[in-house]
Amino acid sequence: MQRIVKERQRFVRRAVTDEQARAELADQPYKLELIGLKSSSNADDGSSVEVGAGELTIYDNVRRNGEVRL
């Protein structure tokens, strides 16, 4: 965190579909699980999952030179 602050990196928010998020986060099983929970909570069956309702967002860590840090 100290390096990120020292480099004055910023975070850029972007909205993605569930499919885009699954493709981008394919190697992160816990995030894929959360996407699945979010999708299933939209079933209007009265169930509730504490995962963001509505659109999915991803925040990119952007260096001062515009390079996105992965």
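Predicted model: local features only at pLDDT ≥ 70, side-chain atom pairs only at ≥ 80, totals over all residues.
Visitor: What pattern does the chain follow along the sequence?

Guide: The pattern is α-β-α-α-β-β. That gives three helices and three strands.

Visitor: Why is Asn-61 called buried?

Guide: Buried means under 20% relative accessible area. Asn-61 has 10% relative accessibility, so Asn-61 counts as buried. Asn-61 is found in strand β2, residues 56-62.

Visitor: What makes the link between Asn-61 and Gln-9 a polar contact?

Guide: The cut-off for a pair of N or O atoms is 3.5 Å. The side chains of Asn-61 and Gln-9 are joined at 2.9 Å, so the pair is within the limit.

Visitor: Why is Glu-7 called partly exposed?

Guide: Partly exposed lies between the 20% limit for buried and the 50% limit for exposed. Glu-7 has a relative accessible area of 30%, so Glu-7 falls in between. Arg-3 has 41%, so Arg-3 is partly exposed too.

Visitor: How do you know that Glu-7 and Arg-3 meet in a salt bridge?

Guide: The side-chain nitrogen must be within 4 Å of the carboxyl oxygen. For Glu-7 and Arg-3 the N to O distance is 3.9 Å, so the pair passes. By this rule the count comes to five salt bridges.

Visitor: What makes Arg-14 and Glu-24 a salt bridge?

Guide: The N to O distance is 2.5 Å, and the limit is 4 Å, so the pair qualifies. This pair links distant parts of the chain: Arg-14 is in strand β1 (residues 10-16) and Glu-24 in helix α2 (residues 18-24). Arg-14 is partly exposed at 28%, and Glu-24 is partly exposed at 39%.

Visitor: Are Lys-38 and Asp-18 buried or exposed?

Guide: The limit for buried is under 20%. Lys-38 has 5%, so Lys-38 is buried. Asp-18 has 15%, so Asp-18 is buried as well.

Visitor: Which residues make up the largest nonpolar core?

Guide: Six residues do: Val-16, Ala-21, Leu-25, Ile-35, Leu-56 and Ile-58. Leaving aside residues up to four places away in sequence, Val-16 touches Ala-21, Leu-56 and Ile-58.

Technical notes:
Residues numbered from 1 in each chain as written. Heavy atoms only, no water. Helix = DSSP H or I, 4+ residues; strand = E, 2+ residues; numbered from the N terminus. Core = buried A, V, L, I, M, F, W, Y, C linked by side-chain atoms within 4.5 Å. Buried < 20%, exposed > 50% of the residue type's maximum accessible area, 1.4 Å probe, protein only. Contact = heavy atoms within 4.5 Å. Polar contact = N/O pair within 3.5 Å; in protein donor to acceptor, adjacent residues only side chain to side chain.
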